[in-house]
Amino acid sequence: MTTGGTPSGDAFPNDPWESGTDHEDWGQPQAGDQSYGQQGYPAQGYGQEPYPGQGYGQQPYPDQSYGQQPYPNQGYGQPGHPDQGYGQQGYGAPAFGGGYPQPGQGGGPLMTGRVSATDAVSAGWQMFKNNPLPWVLITLAMLVASMILGGFSNSESAATMSLANILSIVVSIVFQAFIIRGALLEVDGHKPAIGDFFKLHNFGAFVIASILVGLATIVGFILLILPGLVVAFFLYLTYHFVVDRNMAAIDAMKSSVNAIKSDAGNLFALAVLNTLIIIVGALALGVGLLVAVPVVTLATVFAYRAITGPSDFSRAATSAV
């Protein structure tokens, strides 16, 4: 069973051998005939790159000054394995808030384990603008289903009303899973089509997690409301861990608490900002929700990914298509 979030270890995050500090840095030559202060063969001055025929003080070939990045287009500390896209698991993995560098999506900033509320919303807006149609369609389907079931919930028949309320809860859970799946793909750089939202693989755990989170929140609200808000806040990322990392419900709840604790201030600011966006969308004759719901969802998943680091979800999801 998967446990509490992104694994961590004693080795450097990008060390392919996960060997810690007992080995030389990856990429340095291991050949013999090295004298003190020099790198490997042949005949190279201290601190220079291993290109033949360089004297002390000369620049390494080609046109690469000291401190520049090695070929090809690889930043310091990034994994040396080819064909590794944003959102895929690297060599090793960071703990919550451990600063795994990630490129911001939709014009967002470089993510390093923490997130700005305004940056997350800005990134959510940019991603929505770049791929609006499937997001409008999935949100419209969710709103229409909720309106239909809401009409039956006002029935004079107690049985009809009860059934409509139960179905309304089920539909809400189902669509929440759908949009989280789509948002994970979007944030990881794979623009989802409308069909990509509906391919769930861990729905049973998602339902159990929804029930447990709902019960915990209700108990919190019974205790004078404020505890319910606190519980809802710290368990909010439970669903993301279930979908993204295929976690069981209890493990996902624990991981949500740990993840939110790592950057609670910024995530609380994001929760407030998201609430305001939803309110504004609802006031715009309800039509604004077709934009507000996707932007809020994408902003939250953007923050989730920034804090917890990359996973194999999107690679596995797209390779299965």
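Here is a tour that starts with the whole chain and then moves inside.

**Before you click**

This is a predicted model, where local features need pLDDT of at least 70, side-chain atom pairs count only at pLDDT 80 or more, and totals for chains, interfaces and linings use all residues. Residues are numbered from 1 along each chain as its sequence is written, and side-chain values use heavy atoms, with hydrogens and water left out.

**Stop 1: the whole chain**

Colour the chain by pLDDT, the predictor's confidence in each residue, from 0 to 100. The mean is 74, and 64% of the residues reach 70 or more. Now select residues 1-112: here the pLDDT is below 50, and the stretch has 175 contacts in the model beyond near neighbours in sequence. (A contact means heavy atoms within 4.5 Å.)

Switch to a cartoon view and you'll find 10 helices and zero strands. Helices (H or I, at least four residues) and strands (E, at least two) are DSSP runs, numbered from the N terminus. Of the contacts with a separation of 6 or more, 64% are between residues 24 or more positions apart.

**Stop 2: the core**

How much of the chain is buried? Buried residues make up 39% of the 321 residues; buried means under 20% relative accessible area, exposed over 50%, and partly exposed in between (1.4 Å probe, protein chains only).

Next, select Val115, Trp135, Phe206, Leu267 and Leu270, the residues with the most contacts inside the largest nonpolar core, which has 58 residues. A nonpolar core is a set of buried Ala, Val, Leu, Ile, Met, Phe, Trp, Tyr and Cys residues joined through side-chain atoms within 4.5 Å. Zoom in on Val115: leaving aside residues up to four places away in sequence, its contacts include Leu267, Phe302 and Ile307.

**Stop 3**

On a 1 Å grid over the protein atoms alone, a cavity is a set of points where a 1.4 Å probe fits but cannot get out, while a pocket is an open set with protein on both sides within 12 Å along at least five of seven lines; lining residues have an atom within 4 Å of a point. Grid points are joined across faces, edges and corners, and a volume is the space filled by probe spheres set on the points.

To find it, select its lining: Ala177, Leu200, His201, Asn202, Phe203, Phe206, Val242 and Val243. Two elements, α4 (203-222) and α6 (238-245), each give two or more residues to this lining.

Then go to the second largest pocket, with a volume of about 1,000 Å³. Gln176, Ala232, Tyr236, Thr275 and Val296 are the closest to its centre, out of 32 lining residues. Helix α8 gives the largest share of the lining, seven residues. By class, the lining has 23 nonpolar, nine polar and no charged residues.

**Stop 4: two loop residues**

Most residues other than glycine have a negative phi. Select Asn246, in the loop between α6 and α7 (249-262), and check its phi: a positive value of about 55°. Asn246 is partly exposed, at 43% relative accessibility.

Finish at Leu285, in the loop between α8 and α9. Its phi is also positive, near 60°. Is Leu285 buried or exposed? Leu285 counts as exposed because its relative accessibility is 80%.

Conventions
Nonpolar A, V, L, I, M, F, W, Y, C, P; charged D, E, K, R; others polar.
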